[in-house]
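Visitor: I am new to this structure and would like to know what the words used for it rest on. Please show it to me before I ask.

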Amino acid sequence: MEFFNAFSVSLQAVWNDSGFSAFTVGNGIMIGVGLLLLYMAFVKEFEPLLLGPIAFGCILANFPNTGFFGDEMNVMQAIRYGINYEIFPPLIFLGIGAMTDFGPLLARPSTLMLGAAAQIGVFVALAGAMIVGFDIKEAAAIGIIGGADGPTSIYLSIKLAPHLLGAIAVAAYTYMSLVPMIQPPIMKALTSQKEREVVMTELRQVTKFERVVFPIVVTIFISLLLPPIAALLGMLMLGNLFRESGVTDRLSDTSQNALCNIVTIFLATGTGMTMNADDFLRADTLLIIFLGLVAFMGGTAGGVIFGKFMCRLSGWKVNPLIGSAGVSAVPMAARVSQIVGMKSKPGNYLLMHAMGPNVAGVIGTAVAAGTMLAMLK
Amino acid sequence: MKGDFLMSQPVTTNPFIIMMINMTVVFIVLVSLSVLINVIHMIDPTKEPEVKDAGGGDEEVKNETAAIVSKLQQNPAPAPVIEEGISPEVIAAISAAIACYGISGQVRAVRVVNPNRSAWRQNALTGGLTNV
């Protein structure tokens, strides 16, 4: 009898400690969402490197009684600290900087304007979010989705609206992976066949001096002007300096490969872990995802329209299709410009021309984030 | 005190004013960066002097090429001795490789290496040619 008693009490204790006892419908739905995202990442190959760990983090976050959200330190807590204390986004930017060639931008600085124009999506979504009832800080964090820059979206969300981080990160990365589907119809609708066929002249050679001095000057200028984004821009430019200096190949290699991959795993898994049922299953999430789409479409349209403007001003020397690359999403947005351009006129290579506004978009989104932080924090 | 107020309270909550202020700041910053890039280019001590007239530059290259061609036509280099059995494609590939290396001078002869020669002898021969 005593044996059965002990057996029953132990069994009950195991049950009470198990996840099943505290499992809610919400957890079930979110695990379903995680599985759907895993399917999109690994079967449909939509940004698998990011969406994969985000999806798995989402599944992990919805197991009750794991202690991931308690006070006790564990690896998942450490990953969450990396996000909450804004450690991972600047480290990702270090890797992005080491991978980025600013040559096309240095060869044609006017393309910076396209990077600025594409930020209009950010501010259209910000206004839209305020109109539907989000407060100003939440609206700014939602708007930055239009910049199509995952780390900056996460960085700004943590600072202005940490409770919306999961929805914003998922929206940002989902739309980034959908760039090849979202952008072409907007680009075609806003340009004529004649505009799409504009052939751009070859870019000038950029010297090593320019490549090395540029990251240093940008770091000094932006960090003094917008200190809240000094960590982001500073790391981006440090990575680029490793790449361009020619004497730090090992650091450049580590930044763009090993370190970037490690931090991507942590950042994406940690972002997924913000998607627990309590925070994510709200009507606001759907609104954020919708506003993110508005921001993305607005950014694309803003870049293309400004591209048309530059096309006329330059005497038909700028193809407006490169304007859409002003939303960051490096290098996918530039590839989309190239593909749409090639379809309009085979042999018209726009990729290198589109890389200028594309990397300008990274700087533009960070500047937009910095401006909003300076105004709202 | 004013700074404290600004840090704790947004300056405005009108979405359109915020939108306009932010867009203006983004444009100003990126225009400034564009100016800085141009300044870097201007002060670059390593840049090659720019050719003022691109069309004229092309003309210059054309004239230079024409002068070389005419000089070669006047004093043609003696044709290299080519062993039988070597196709014109092989000769073209060898000439291109030599040109790529930037070696000046003339090709005197092209011949097939004796396949029966030992590796040691072949090495010694190549070394001797290199030393020449």
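Guide: What follows is a set of questions about terms, each answered from its definition.

Visitor: What kind of model is this, and how are its parts numbered?

Guide: This is a predicted model, in which local features need pLDDT of at least 70 and side-chain atom pairs count only at pLDDT 80 or more, while totals for chains, interfaces and linings use all residues. Residues are numbered from 1 along each chain as its sequence is written, chains are lettered from A and ligands numbered from 1 in the order in which they are written, and side-chain values use heavy atoms, with hydrogens and water left out.

Visitor: How do you know that chain B is in contact with chain A?

Guide: Contact means heavy atoms within 4.5 Å. By that rule, 32 residues of chain B are in contact with 39 residues of chain A.

Visitor: What area is buried between the two chains, and which residues of chain B supply 20% of its part?

Guide: Buried area is the accessible area (1.4 Å probe) that two parts lose on being put together, summed over both. Between chain B and chain A this comes to about 3000 Å², and carbon and sulfur atoms give 85% of it. Leu30(B), Ile37(B) and Ile40(B) supply 20% of the area that chain B buries against chain A, more than any other three residues.

Visitor: Which elements of chain B give two or more residues to the side that touches chain A?

Guide: They are α1 (2-8) and α2 (15-43) of chain B. Helices are DSSP runs of H or I with at least four residues, strands are runs of E with at least two, and both are numbered from the N terminus. The largest share of that side, 22 residues, comes from α2(B).

Visitor: What makes a residue on that side nonpolar, polar or charged?

Guide: Ala, Val, Leu, Ile, Met, Phe, Trp, Tyr, Cys and Pro count as nonpolar, Asp, Glu, Lys and Arg as charged, and the others, Gly among them, as polar. The side of chain B that touches chain A divides into 22 nonpolar, 8 polar and 2 charged residues.

Visitor: Why is the pair of Arg211(A) and Asp101(A) called a salt bridge?

Guide: The closest N and O atoms of Arg211(A) and Asp101(A) are 2.7 Å apart, and the limit is 4 Å, so the pair qualifies. Arg211(A) lies in helix α15 (residues 208-225) and Asp101(A) in the loop between α6 (88-99) and α7 (103-107) of chain A, so the pair ties together parts that are 110 residues apart in sequence.

Visitor: Why is Glu195(A) called buried?

Guide: Buried means under 20% relative accessible area, exposed over 50%, and partly exposed in between (1.4 Å probe, protein chains only). Glu195(A) has 1% relative accessibility, so it counts as buried.

Visitor: Which salt bridges does Glu195(A) form?

Guide: Glu195(A) meets Lys308(A) in a salt bridge at 2.9 Å, N to O. Lys308(A) lies in helix α19 (residues 283-313) and Glu195(A) in helix α14 of chain A, so this pair ties together parts 113 residues apart in sequence. Glu195(A) also forms a salt bridge with Arg312(A), where the closest N and O atoms are 2.7 Å apart.

Visitor: Why does Gly272(A) count as buried, and what does it touch?

Guide: Gly272(A) is at 0% relative accessibility, so it counts as buried. Gly272(A) is found in helix α17 (residues 249-272) of chain A. Not counting residues up to four places away in sequence, Gly272(A) touches Ile54(A), Gly57(A), Cys58(A) and Ala61(A).

Visitor: What makes a nonpolar core, and how many residues has the largest one?

Guide: A nonpolar core is a set of buried Ala, Val, Leu, Ile, Met, Phe, Trp, Tyr and Cys residues joined through side-chain atoms within 4.5 Å. The largest has 130 residues, and those with the most contacts inside it include Phe102(A), Ile142(A) and Leu30(B). Helix α21 (residues 351-376) of chain A gives the largest share of this core, 14 residues.

Methods. Salt bridge = Lys/Arg side-chain N within 4 Å of Asp/Glu carboxyl O.
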